[in-house]
Amino acid sequence: MELRTPSSPHNHTHGTVTTVMLRVLYALLPGIAAYVYFFGWGVVITISFAIGVALISEAAMLLIRGRPLWPFLSDGSAIVTAVLLALSLPPLSPWWITLLGVSFSIVIAKHLYGGLGYNPFNPAMVGYAMLLISFPREMTMWFPPQMLTENPLTVLEIISVIFVGTSPNGMELDALTMATPLDTLKTQLNLEKNVADIVAGNPLFGTLGGLGWEWVNAGFFAGGIWLIYKRVISWHIPVALMASMFVAASVFYLISPDTYASPFFHLFSGATMLGAFFIATDPVTAATTPMGRLLYGAGIGLLTYTIRTWGGYPDAIAFSVLLMNMVVPTIDYYTQPRVFGHRRN
């Protein structure tokens, strides 16, 4: 008997870029919901504006490069980049901050290298790093959750703050904004205060991390677990990132709990869960081999803790991801699994 089989591949998942991007957006919803609850509707307005800027920037670059518009505009990659960058910005960031960051991400970090699939660095984190270095004042204008809970802003007031620059009741934005819990902890520790006193005397801190931030991170954690369940991402990078950060933080916390924050504070503050499940797992810029993903994720976790603790920036997910993006080719080269049937000499 003659066995006839079709040509490879023999198994098709029927997955497309658009399907993957849509699932990523769905997984972001729990974290966004927590974001809105604690920090107001500014994040939704910023996300909406960022998506519009991303699509216009994408279309402009496709026209310049002579590429068809619809296949690339409909794949959802530009939208995901815009949403991830918008979630990294203060919810009431001036509109021009979002405009500059998103356009820089799409034009420079993505299309300058040839478009989706060719960019060596995560586009959203390139845009964020550019903004943080260029406009540090605007990138630290966070409204404390308790203030927004006691005096919630209307949608019109939020739009006025973002697009006009007028703050509620005519007050200066500097008088209403505060640093993030990570930034506050770093600043106060530099003044030789201990962790317990800083946390106990400041309403910015919650049970595990920053007030509100712990729930935002929990939302992104839940969405990330769903992505792993749907096999959109693998477990290697998130687990390695969180494990390396937890171990490093635990070591120094056990040595001196008055000087170093607990490992749970680092896991549930800042952009830890967003970075672990949605940013570091970018299939284009992350390591591709199983061992490489573990090394890649562990490197991001260690770099994030190092920069947070001794560096000049309170949250270091963006810089850590970009630094590890640089070594991905080397990691993949040295962690390639042995080809089946190949005999070592």
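The expected span of a helix is 1.5 Å times one less than its number of residues. In this predicted model, helix α2 comes close to that figure, reaching 34 Å against an expected 34 Å.

**Helix α2**
- Helix α2 covers residues 42-65, which is 24 residues, and its 34 Å runs from its first C-alpha to its last.
- G66 follows α2 and has a positive phi, near 70 degrees.

**Largest pocket**
- The pocket is lined by 31 residues, of which M21, T281, D282, P283 and V284 are the closest to its centre.
- Two or more lining residues come from each of α1 (17-39), α4 (77-88), α6 (123-134) and α15 (272-279).
- The lining of the largest pocket is made up of 20 nonpolar, 8 polar and 3 charged residues.
- Domain 1 (16-177) and domain 2 (180-334) each give at least three residues to the lining of the largest pocket.

**Second largest pocket**
- S88, Y128, W142, T180 and D315 are the closest to its centre among the 30 residues that line the second largest pocket.
- Its lining takes two or more residues from each of α4, α6, α10 (181-190), α12 (213-229), α15 and α17 (317-334).
- By class, the lining of the second largest pocket has 23 nonpolar, 5 polar and 2 charged residues.
- At least three residues of this lining come from each of domain 1 (16-177) and domain 2 (180-334).

Conventions:
Residues numbered from 1 in each chain as written. Predicted model: local features only at pLDDT ≥ 70, side-chain atom pairs only at ≥ 80, totals over all residues. Heavy atoms only, no water. Helix = DSSP H or I, 4+ residues; strand = E, 2+ residues; numbered from the N terminus. 1 Å grid on protein atoms, 1.4 Å probe; cavity = no way out; pocket = protein on both sides within 12 Å on 5 of 7 lines; lining within 4 Å. Nonpolar A, V, L, I, M, F, W, Y, C, P; charged D, E, K, R; others polar. Domains from an automatic or database assignment.
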